[in-house]
Amino acid sequence: MYDVLKTINSPADVKKLRAEQLETLAQDIREALFNRLTKIGGHFGPNFGIVETEIAMHYVFDSPRDKFVFDVSHQSYPHKMLTGRKNGYINEECFKDDSGYSNPNESEHDLFNVGHTSTSISLASGLAKARDLKGGKENVIALIGDGSLSGGEALEALDFVGSELKSNLIIIVNDNQQSIPEVHGGLYQNLTELRETKGKAANNFFKAWGLDYIYEENGNDIQAMIGVLQKVKDIDHPIVVHINTQKGKGYQPAEENREAWHWCLPFKRETGEAKIRFPAESYTNLTAQYIMNKAAQDKDFVAITPSMPALGGLTPDLRAKLGKQYIDVCIAEEHAIAMASGIAKAGGKPLVFTGSTFIQRTYDQISQDVCINNNPVTIVLNFASFDSLTDVTHLGIFTMAAFSTIPNLVVLAPTSKDEYLNMLDWAVDQKNHPVMIMMPGNMVTSRPADKDYDKINTFKVEQAGEKVAILALGDFYQRGEDVAEKVKSELGFIPTLINPRFASGIDEQLLSDLMKNHQLVITLEDGIIDGGFGQKVAAFYADKNMKVKTYGLKKEFYDRYNPQELLEQLGMTTEQIVAYVKNISK
């Protein structure tokens, strides 16, 4: 197995292969992808569909002299195998050596550490501009999927490249007719027209930007791709190479269900069945149930996502049932937020949902278009927890600190199923505030919760006690419960346990009252400390006789960490916190 792939230690080895060996190499790469993905999961469809293209890229160009920039880079696995990292796919003990994205720390063939979409053309244009300033002659190649083209940054880059860059830049548009879910928008109508006319349609999106253009129908044919790339190598102006490929090629379930197989858990190759089973009830499923029920009851309600319906539990059948009360703007987070502000202004009830890491793009829209106007937009964020996504490009740990500083924005951190659903009900129906809700990342728990959150920044005392007050926010509330119970059993007194609920402000009256019979306030938050909830509490007590200990993550770009090991490193396990309390209370 892997007879040809085992001989590839660098792109130079690819260039030595005969045509039939290149075909065998493609088979070997897919087998290696199966080997890794069936065992640890990862991005399936993007990588299976791009194998032939990336073989051709390394056959024609001379990386790292010629520079490759991968959009999102979730399709970079074959490239990694061709640049000396095959062991990360064929040897199980080496799986952790490779991240799921391009990474300069791994190889000189990776230019950027990227995990967000629509950035490749901008990054590549910068490389091209620097090359021109230095008098270089190398090729610069950006590989971008059709789904990524809808992102504003991609359009801004095309606008610049088409008119301002007068030198070599090769943009390979991998058109597999799919974003994560299906694609939406006028751009994709033109891509369809271009495919159907084999690139000859008079209406050409790329030429409208001033770009040269060439079409290749057989993007999964190595020789065809070698031919088209040889035509554009060393070109003296920007050009788009539009290729037609099959997402998930080589595995029938992935070819037939492209959305489900964009990314996968470890699975059984024979059946496609996931090896990991999640509980039937999850916060994602609860979100979907809420959306469906609300849409049925309220015609003014609309759910909006930037190509992330799965993060709200909305399967294709549910989306179809929602009809006009569901909007997928494709990769266009900024548009999703600004449009939601317009809907709210006109009396609608918009709920925008996406991943926590992707909402970073919308800081300006949330601040300017939503919060200055104080329009009642509701934003729900999945994967905000430190133990959900751990890759450096997908961290959710900065969200609360980043957005809780924006005036008028109410940031809520629910601690249970009941609190989450009640907060959703309140947020969507109220008319006074924009609201951001952190979808819990814990296992679903249930306990009584308030239904009304009109009294902004009012904390809830869940257990009244003395000496030590534990303010445990959101996902870390259960950790606060554990600490409180252990303090009681080991130190002999009952601490106060508080559910802050609001991450964007503090309850000054309650914090003042704690000074009567408490000497220590502990804050626990599922995010970075800098600029976070704990620092707000500490600032309140800065000129008062109260000791404050804040627990949270450091302001660092953590990468592929073990969540429990990280807690220990930060001194945040229950045992470590109780030991701190014991030492302070001596």
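This is a predicted model: local features need pLDDT of at least 70, side-chain atom pairs count only at pLDDT 80 or more; totals for chains, interfaces and linings use all residues.
**Exercise 1.** Work out where Ser73 sits and whether Ser73 is buried or exposed.

*Solution.* Start with the chain: Ser73 falls in the loop between strand E2 (67-70) and helix H5 (77-81). Next, check the accessibility. The cut-off for buried is under 20% relative accessible area. Ser73 comes in at 0%, so Ser73 is buried. Finally, look at the neighbours: leaving out residues up to four places away in sequence, Ser73 touches Gly100, Tyr101, Ser102 and Val114.

**Exercise 2.** Find the residues of the negative surface patch and say which element gives the most to it.

*Solution.* First, pick out the members: Glu481, Asp482, Glu485, Glu565, Glu568 and Glu575 gather there on the surface. Then sort them by element: helix H19 (477-491) and helix H22 (563-569) are the ones that give two or more residues to the patch. H19 gives the most, with three residues. Now zoom in on one member. Asp482 has its place in helix H19, and with a relative accessible area of 46% Asp482 is partly exposed.

**Exercise 3.** Explain why the salt bridge between Glu92 and Lys39 ties together parts that are apart in sequence.

*Solution.* Begin with the pair itself: the closest N and O atoms of Glu92 and Lys39 are 3.7 Å apart. Now place the partners. Glu92 is in the loop between helix H6 (87-90) and helix H7 (120-134), while Lys39 is in helix H2 (residues 19-40), so the bridge links parts 53 residues apart in sequence. As for accessibility, Glu92 is partly exposed at 48%, and Lys39 is partly exposed at 35%.

**Exercise 4.** Take the salt bridge between Arg361 and Glu333 and decide for each partner: buried or partly exposed?

*Solution.* Check the distance: 3.7 Å between the closest N and O atoms. Then locate the two: Arg361 lies in the loop between strand E10 (349-355) and helix H16 (363-371), and Glu333 lies in helix H15 (residues 333-345), so parts 28 residues apart in sequence are tied together.

**Exercise 5.** State how many salt bridges a search of the whole structure finds, and name the residues of one network.

*Solution.* The search turns up 33 salt bridges. For the network, follow the bridges that share partners: they join Lys80, Arg85, Glu106 and Asp110.

Note on methods: Residues are numbered from 1 along each chain as its sequence is written. Side-chain values use heavy atoms; hydrogens and water are left out. Helices (H or I, at least four residues) and strands (E, at least two) are DSSP runs, numbered from the N terminus. Buried means under 20% relative accessible area, exposed over 50%, partly exposed in between (1.4 Å probe, protein chains only). Contact means heavy atoms within 4.5 Å. Patches are made of residues with over 30% relative accessible area and no salt bridge: like charges are joined within 9 Å, nonpolar side chains (Val, Leu, Ile, Met, Phe, Trp, Tyr) within 5 Å. Accessible areas come from the Shrake-Rupley method with a 1.4 Å probe; for residues, only the protein chains shown count as cover. A salt bridge is a side-chain nitrogen of Lys or Arg within 4 Å of a carboxyl oxygen of Asp or Glu. Lys and Arg count as positive and Asp and Glu as negative; His and the chain ends are not counted. The place of a charge is taken as NZ of Lys, CZ of Arg, CG of Asp or CD of Glu.
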